[in-house]
Amino acid sequence: MDQMTPMLRQYLDMKSVHPDSILFFRLGDFYEMFFEDAERASKILGITLTSRGNHNGSKVPMCGVPYHSVRSYIFKLIEEGLKVAICEQVEDPSQAKGIVRREVVRVVTPGSIVDESGAEGAASLYMAAISGENGGYGLAFVDLSTGEFRVTEVDEWRELVDELGRIVPAELLVPEADNLAGNSDLSRYRVEILRKERYNKDEAEALLKEQLCVRSLDGFGCAGLKHGVAAAGAVVYYLKETQKVNPSHINDLVTYRLGDYMFLDESSVLNLELFETVRRRSQQGSLFKVLDRTITPMGGRLLKRWIAYPLVDPSRIRHRLAAVADFREDRIYREDIREELKGIYDLERLNGRVSLGRANARDLEALKLSVTRLPSVKERLAGSTSELLSDIGRRIDTLPDIAEIIEKAICDDPPVSLKEGGIIREGYNKELDELISISRDGKSWIAELAQTEKRRTGISNLKIGYNRVFGYYIEISKGNLHLVPSDYIR
């Protein structure tokens, strides 16, 4: 007999909306998987497969992972090229009528890993989209963890393939019915097929305007980029569909043209060993590793981009060389700035986590410590004889308001988990301070309340008691009923 519970029916309803994802279904302190998801995930994750309930005369396969260590499990599944839909309880169980309401709060994909240990250091994690046909192709790519968003157009298919080889996207969005998904040139990438209408130029333009908070895309250099705009719109659509929130830190779109940089095809990048050696396919020994003396992850990513896209404009080259010369010729100046940069964390990715609502208290503390270093960096760069460095210094926003509110609100050395408490600094919110005091020293608070009520009512034998039926209550003798204030309820 079919003994499927309301919970399993709810699971199947969620799964029907996300059939191509492994559904992590929150039950208490665990994320559970059922049916085919459980069988598939248990093998990849190396966890025990059990069962729960019956469906069509058979036991329902089940496996689960603890919520507090879920990141590593998600990353393992992503490494296998899978997507993971995170289904959370969105209702207080104590107030629920029937089964607790649940919703998928985001879908983790190979190109949208932000906090599952998949995007660290100098490595960028790109999600890309392509569009177009013979006679022109568009390419857009974004790093969700940093907010970097770029778009270009090329004339030839081979140019598009070579450009993909330079950025190496973790996930590639292609339109259905264009025979792109099965193209052998794209076989090395994790391909996600979107419906053709998601590449409609008018809809894409409207999505981009909304995302970038502008009335026209011309200011981003997008005029005439029909295929590029379509690809960029597909990226924004897919991000909103999977993340279930607006990625507000993606607020700039950089348009570039391959002619602005030295052309490096995939073969050249490999044979020149720019990022990995030919023989061992290792970063050690590559040009990037030889040159990389950067202090921050942002600097490492920028150096990678400069190596992948060498300048060809003499004026821009001279400006960059002048900035390098400033550092090279003044050792004290160079070391001073390097010392300041040592205290700066990955601001781009911290900003991304805050924007997506996934930052914890330690992320905010790292943001504060980084921001406090900015005034000194700004002052040193603004005084440089290099036009490029002084311009960078003038444009730095030192974010004093951000540092101030974190300093006032977040305690020193806060815990990672919100559930541990002890995150908000005492003195920041009077009402919260009272609640903290009650939870920490409840008996003293009750005793103090009793004394306050005795003074207020004039009832000297007033007591505060407790039982499991009523909770806390105020006890007054019959002889003092005439002194009971109107705000007491019998």
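Tutor: Gladly; we will take the sheet, then the helices on the sheet, then the cysteines. This is a predicted model, where local features need pLDDT of at least 70, side-chain atom pairs count only at pLDDT 80 or more, and totals for chains, interfaces and linings use all residues. Residues are numbered from 1 along each chain as its sequence is written, and side-chain values use heavy atoms, leaving out hydrogens and water.

Student: In what order do the six strands form the open sheet?

Tutor: Strands of a sheet pair through backbone hydrogen bonds, either parallel or antiparallel. Here strands are DSSP runs of E, at least two residues, and helices are runs of H or I, at least four, numbered from the N terminus; two strands pair if DSSP finds at least two bridges between them. The order is β3-β4-β2-β1-β5-β6, with mixed pairing. β3 (50-55) and β6 (102-108) are at the edges with a single partner strand each, so one side of each has no neighbour in the sheet. β3 runs antiparallel to β4 (residues 58-66), joined by four bridges, and Ser51 is opposite Pro61 in β4.

Student: Which strands does helix α2 touch?

Tutor: Contact means heavy atoms within 4.5 Å. Helix α2 (residues 35-45) packs on the sheet and touches β1, β2, β3 and β4.

Student: How many disulfides are there?

Tutor: A disulfide is a pair of cysteine sulfur atoms within 2.5 Å. The count is zero; for Cys222, the nearest cysteine sulfur, that of Cys213, is 15 Å away.

Student: Is Cys222 buried or exposed?

Tutor: Buried means under 20% relative accessible area, exposed over 50%, and partly exposed in between, with a 1.4 Å probe and protein chains only. Cys222 is buried because its relative accessible area is 6%, and Cys411 also counts as buried, at 15%.

Technical notes: Axes fitted to C-alpha atoms, helices over the stretch in contact; angles between N-to-C directions.
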